[in-house]
4 protein chains.
Amino acid sequence: MHLLNYFQGRRVTNGISPKSVLIVNKLRTKPVVDAIDTLLSYIRKNYPDVQIYHENRPDIPQGVKVWKPGPDAAKIDLVITLGGDGTILHASSLFKVGAVPPVLSFSMGTLGFLLPFHIDDYTKAIDSAFAGRITVLHRMRLSCTFKDSGGDRIDTKAEDWQVMNEIALHRGSSPHLNTIDVFVDGQHLTEAVSDGLIVSTPTGSTAYSLSAGGPIVHPSLSAIVLTPICPRSLSFRPLVFPSSSSITLKISKRSRAPAGLSMDGQTSHVLNPGESVTVRASLHPIPCINRSSITEPDEMREAGEGAGPGKEDDWVRDINNLLQYNATFRSKALTRHQRT
Amino acid sequence: MHLLNYFQGRRVTNGISPKSVLIVNKLRTKPVVDAIDTLLSYIRKNYPDVQIYHENRPDIPQGVKVWKPGPDAAKIDLVITLGGDGTILHASSLFKVGAVPPVLSFSMGTLGFLLPFHIDDYTKAIDSAFAGRITVLHRMRLSCTFKDSGGDRIDTKAEDWQVMNEIALHRGSSPHLNTIDVFVDGQHLTEAVSDGLIVSTPTGSTAYSLSAGGPIVHPSLSAIVLTPICPRSLSFRPLVFPSSSSITLKISKRSRAPAGLSMDGQTSHVLNPGESVTVRASLHPIPCINRSSITEPDEMREAGEGAGPGKEDDWVRDINNLLQYNATFRSKALTRHQRT
Amino acid sequence: MHLLNYFQGRRVTNGISPKSVLIVNKLRTKPVVDAIDTLLSYIRKNYPDVQIYHENRPDIPQGVKVWKPGPDAAKIDLVITLGGDGTILHASSLFKVGAVPPVLSFSMGTLGFLLPFHIDDYTKAIDSAFAGRITVLHRMRLSCTFKDSGGDRIDTKAEDWQVMNEIALHRGSSPHLNTIDVFVDGQHLTEAVSDGLIVSTPTGSTAYSLSAGGPIVHPSLSAIVLTPICPRSLSFRPLVFPSSSSITLKISKRSRAPAGLSMDGQTSHVLNPGESVTVRASLHPIPCINRSSITEPDEMREAGEGAGPGKEDDWVRDINNLLQYNATFRSKALTRHQRT
Amino acid sequence: MHLLNYFQGRRVTNGISPKSVLIVNKLRTKPVVDAIDTLLSYIRKNYPDVQIYHENRPDIPQGVKVWKPGPDAAKIDLVITLGGDGTILHASSLFKVGAVPPVLSFSMGTLGFLLPFHIDDYTKAIDSAFAGRITVLHRMRLSCTFKDSGGDRIDTKAEDWQVMNEIALHRGSSPHLNTIDVFVDGQHLTEAVSDGLIVSTPTGSTAYSLSAGGPIVHPSLSAIVLTPICPRSLSFRPLVFPSSSSITLKISKRSRAPAGLSMDGQTSHVLNPGESVTVRASLHPIPCINRSSITEPDEMREAGEGAGPGKEDDWVRDINNLLQYNATFRSKALTRHQRT
Ligand SMILES: NC(=O)C1=CN([C@@H]2O[C@H](COP(=O)(O)OP(=O)(O)OC[C@H]3O[C@@H](n4cnc5c(N)ncnc54)[C@H](O)[C@@H]3O)[C@@H](O)[C@H]2O)C=CC1
Ligand SMILES: NC(=O)C1=CN([C@@H]2O[C@H](COP(=O)(O)OP(=O)(O)OC[C@H]3O[C@@H](n4cnc5c(N)ncnc54)[C@H](O)[C@@H]3O)[C@@H](O)[C@H]2O)C=CC1
Ligand SMILES: NC(=O)C1=CN([C@@H]2O[C@H](COP(=O)(O)OP(=O)(O)OC[C@H]3O[C@@H](n4cnc5c(N)ncnc54)[C@H](O)[C@@H]3O)[C@@H](O)[C@H]2O)C=CC1
Ligand SMILES: NC(=O)C1=CN([C@@H]2O[C@H](COP(=O)(O)OP(=O)(O)OC[C@H]3O[C@@H](n4cnc5c(N)ncnc54)[C@H](O)[C@@H]3O)[C@@H](O)[C@H]2O)C=CC1
């Protein structure tokens, strides 16, 4: 667990330029395609020794090598994502084995929770990243083990999946509630009769878990959040566990419905009565490059009171700007125009 | 922060008997007085070399030395509390400087969240503690720094207080809401217009913070919880921070009310507009002896599946038994008798 | 709207015995079948002029007439249900046109929210009902109108459905959130991005709406509750409208998912982007016979202070017994036995 | 109860001009004083027969008569308030006996929940009100009866008070929780261990009750909301009762703290263990003139689809504009400027 925190917020100063870069995108919209072209030209011109990779697709740009995930995958030193939050979740899903390289994420003009950089700022961001003038936030991930009703391990593809946001069990389109037994470190905690349960990372605490009523957990904390979805109980509350805990969700034999499994919003398989999933902190967090770590000398001076340069917390800004956290009731003066 | 976790759940096996014991109680009811007598006899008979201390009071038992908290206090190897949860909070308040000795807490027959042992089980509990056959849960505490509106430190007695549950700011009997600026690591997080704010430890997450809508946080996690009390906003949610964060609450100059300060339920002073308090994890947690750590060999065999011997988590049992966590709606069969 | 309240809690004293009784059950378990037999014998013996009806099934008891819902259905003076809460919901679904006869509901030994009578008490309950010595609670229902994206009415079977609990829209097994525009009396209220929305009666406020975080609304109030399911917003709160309001839910053209429709827990059809449903209070509530209305003279005397005889509110008892409403934290004395 | 709804939203078309107007303000700031002068001149010039009244103060304007509340008070046909929401609450507190005249409320440039009119629009608002071209919203009020521990009525000034928002009981600056027994129509509902309880009108549902977690209830519904303040229970939920209910709050004999009483935010007396208050819907709601009822012919045409002219609901606009109800997470395009 402590490893997860190790580089938390530390400035990475080795200054050794990445030799291989993986570009990740989900959509093929014109802005995304254009942005990839621009990035490619820029990297080739300024960092000619760098090998650029891309997932296999019919139309990958010239000179870019195809990259396939798996044990034999080519080593990647830096991941660049272009798109929304879902693109980073997708990038995370590509790295199931071993350590994950640092991720530099560009938004395409739309704000996102996991998107520190605006595509227009690409030169500054890339130069800083290649020069190692960055800090990273190690975003925790969760991994899963599945067992059948006899207690034997089930081999599923989801097994290797490591989620950045959450694992969610949900009755889906079954009309009936499901009954799930929850165990913590092997000890029975409770029997949940509900629409489903969410086991979330701190990163995921602002995603589905938040909608279901969960607390907002700072992503630099190593913790696991358990949030019920529409429980048939007045007294079910979200729980926050240390990241050393293992959480087992077992579909009760008397559950009236199976539970569909979603991992970071991707539908996986269905768990039937008697089957279970055990969730643990993964050994391999995602090192996300902080926006605030990329500051030019003169911006530092401007920063003024409050957090010092490079210390500002993107998260504080995001929960205010994106979630409109604690927007207080308006009682400001009105112009006549607004009154109608 | 990592220090706090260091011994978390580790079995302490040095086997060196404590040389000095401090007995703490708040009430002087007959059961408490009788229990103290019983404990005294037992310790004197079985551990004759141990010096027993007690806070200064007119009626402390013969042979017991008076103990005064402070820098010159006699060294204590073990604290024994007798009473409710409030008695442990009181014991915590006696140790403001330096490390805290392990605490063995007896309930007087009434369940409590911080009370692992029933007084009737005193022989087993004391023998195990004296033999070092115990594990402890290091319960985090919070410490405070106060500043006036000029930013200068204010010298208050509350400054040295280290709370186990929480620091709460509340408008008290003022009819008006107060306005408090919240800063995290020096960065402005939000302006809270509310009845007040709670900064809580994981231990305190089942106390006042829970009533105000906060999540339940496992006490072995090192984290700080910020929970608003009746905020005038639809979008204020509880927040969970890493224990390395510092949280500053500053009464806004335009606050219509000052804020009364409570520490672990004890009223302290009032913070006026412009004044602030900064809360940080204390270096000195309270090592609380776990009930589940005291198991006899034959009990271990009985435990069966689930958590292994000595590994059971008192907390799971407590949130179920004491908080009636997730009590599902009853639909059990009824006898005729119950139907009326 | 006022009509709904008209007989609320009024003692119905006409004393005119019902001439036709409809028996409703969902399950065919042995206890249910036996109970039907017992009821049949009792009614035949004591009220020989009464015609008994049952829904069409292969195995309906001898002498019982088949009853088919619809405009030409035989007139029913009293409905008797045997089973769980779902059986009453099913009985409600049989009466889509015109007024509903009073409903006498027996539980099969399992508590339920809509189940006032235990089957063992059948003689007293039936005699009181046949003698008109009862009061009823008029439980409000909701009715729906469906429109396609051009604003034209869609003819669906769900149209005639009148729900006792709620109409729920849910993304079901779609991985994506849906976007629903909510209108109140034709005025745009909000755009909801969520798992779904619930429009509930006060009766339904203790069903799905409660699990989703809605308030508990007394069933004698005429009101409509709108409760979001896992909304992607910090500031969505349940709303309570007068029963004169009409609530329109329109799947936004930019919704990423359609919305599956459930009525009283029964899956109906799917609403696609552009389609809408308008919900209004139905003119035809369900007159449910109150348990507390059936009191024998001597029980009245015993009742003592508090609510007078026949005035006790079943609902108060139910939210305490069934929902374990406001179960306070235990701190009662423990016997040794309980401590382990 | 039905009376309360009687004129709900009905257009009042008698066209009979008020003969007496009471002007109410709390603050004496320059904008308020100037606005009063402007209103006075306008009314005198255009409605010379109208007698204007004001509460007794050293500096009331020339020609204005002093008005004293009470049974012998001069009859008022229209109340005009100038100030914030608190000014209307104050106006309500002046009418403790008998029916209340319609209230026309002007904001001084600051939005408020109970403030339909901006002071700049005074001519249109006053002309419409004097011509009777208005609709009113009858906002329910609550009245109280106090009893001592022997069950005898206590004569307090609060008795005659009729609140528009809520009655709140709170431990205030007592460190201890209070224990309050709640009765509904004489039947014991629950024992609340908490910071306090709120009994609120639908109008008050967007005030203190909302901050404590209560639902938003449309002000045209006749209902009573019970919301706990920081209850020591996981399973306490807000409750909504019909306005025909009577709610009794009795401080338990074993309460560790008395409960301070606030009525519409004004501190009243303290209730000690054994004492109680019974809350009922008042017979005298406040007829508040709707903003949307004042529409000029050409505006009506512009209104377009949705609610028709004069039918728009101020409340929908207010919960969106003032409470920022369901503000969805932002993901709009950003200009470069906003990104820093
Ligand atoms: N009712 C709800 O709130 C639901 C939420 N989700 C969330 O959607 C996620 C998948 O996201 P997409 O693939 O983009 O699907 P999507 O395109 O359906 O987007 C879901 C929304 O969640 C946002 N989001 C994703 N991760 C976030 C985070 N860590 N913090 C704050 N916001 C975040 C995205 O920006 C997007 O606005 C899942 O991991 C789950 O957390 C999924 C289903 C229901
Ligand atoms: N509305 C509320 O829930 C309020 C709660 N409190 C809590 O009371 C605490 C002081 O306790 P006492 O001196 O015993 O006062 P007290 O005698 O007034 O007891 C408060 C209750 O809180 C329980 N409690 C204390 N610490 C707890 C914990 N960590 N987890 C679960 N339950 C706990 C106690 O057993 C007792 O039932 C404060 O630290 C504060 O957390 C204080 C004021 C209001
Ligand atoms: N997450 C949740 O809480 C969900 C709840 N439901 C509810 O189930 C209802 C259908 O019930 P069944 O056909 O019996 O399905 P079911 O057999 O799946 O039972 C649902 C549970 O809800 C209870 N229930 C039903 N109506 C109630 C009411 N008015 N107040 C309190 N409890 C009530 C039943 O006793 C049963 O325990 C739906 O109308 C919906 O309200 C449906 C889906 C999810
Ligand atoms: N924690 C909280 O939310 C608290 C709220 N209050 C509320 O303040 C009210 C007294 O108001 P003031 O005399 O103006 O005191 P105040 O000047 O302290 O204002 C309280 C705030 O509540 C707003 N408000 C008042 N009535 C409202 C309503 N019906 N709906 C929406 N917002 C409303 C006011 O505009 C103002 O912003 C009390 O009746 C109580 O409801 C009082 C104490 C604590």
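Visitor: Where does ligand 1 lie?
Guide: Ligand 1 lies between chains A and C. This is a predicted model, where local features need pLDDT of at least 70, side-chain atom pairs count only at pLDDT 80 or more, and totals for chains, interfaces and linings use all residues. Residues count from 1 along each chain as its sequence is written, chains are lettered from A and ligands numbered from 1 in the order in which they are written, and side-chain values use heavy atoms, with hydrogens and water left out.

Visitor: How many residues surround ligand 1, and which are the closest?
Guide: 22 residues surround ligand 1. The closest are Asp85(A), Glu166(A), Thr206(A), Ser211(A) and Arg256(C). A residue counts as near if one of its heavy atoms lies within 4 Å.

Visitor: OK, Arg256(C). What is the distance from its polar side-chain atom to an oxygen atom of ligand 1?
Guide: That distance is 2.3 Å. A polar contact here is a pair of N or O atoms within 3.5 Å; within protein, one must be able to donate a hydrogen and the other to accept it, and residues adjacent in sequence count only if both atoms are side-chain atoms. Asp85(A) also has a polar side-chain atom 2.7 Å from an oxygen atom of ligand 1. On chain C, an N or O atom in the side chain of Asp195(C) is 2.8 Å from a nitrogen atom of ligand 1.

Visitor: How much of ligand 1 does the protein bury?
Guide: The protein buries 86% of the 790 Å² that ligand 1 exposes when taken alone. Accessible areas come from the Shrake-Rupley method with a 1.4 Å probe; for residues, only the protein chains shown count as cover.

Visitor: Which element gives the most to that shell around ligand 1?
Guide: H3(A), with three residues. Helices (H or I, at least four residues) and strands (E, at least two) are DSSP runs, numbered from the N terminus.

Visitor: And the shell around ligand 1 by class?
Guide: Eight nonpolar, seven polar and seven charged residues. Ala, Val, Leu, Ile, Met, Phe, Trp, Tyr, Cys and Pro count as nonpolar, Asp, Glu, Lys and Arg as charged, and the others, Gly among them, as polar.

Visitor: Now ligand 2. Why is that site shared between chains?
Guide: Because residues from chains B and D surround ligand 2. Among the closest are Asp85(B) and Arg256(D).

Visitor: Which polar side-chain atoms of chain D lie by ligand 2?
Guide: One belongs to His176(D), 3.2 Å from an oxygen atom of ligand 2. Another belongs to Arg232(D), 3.1 Å from a nitrogen atom of ligand 2. On chain B, the side chain of Ser211(B) has an N or O atom 2.6 Å from an oxygen atom of ligand 2.

Visitor: Which element gives the largest share of the shell around ligand 2?
Guide: H3(B), with three residues.

Visitor: Switching to chains C and D. How many residues are in contact?
Guide: 48 residues of chain C touch 48 residues of chain D, where contact means heavy atoms within 4.5 Å. The buried area is about 4,000 Å², and carbon and sulfur atoms give 57% of that. Buried area is the accessible area (1.4 Å probe) that two parts lose on being put together, summed over both.

Visitor: How many salt bridges across it?
Guide: Zero by the rule, which asks for a side-chain nitrogen of Lys or Arg within 4 Å of a carboxyl oxygen of Asp or Glu. The interface of chains C and D does have 30 residue pairs in polar contact, both at pLDDT 80 or more.

Visitor: Which element gives the most to chain C's side?
Guide: S13(C), with seven residues.
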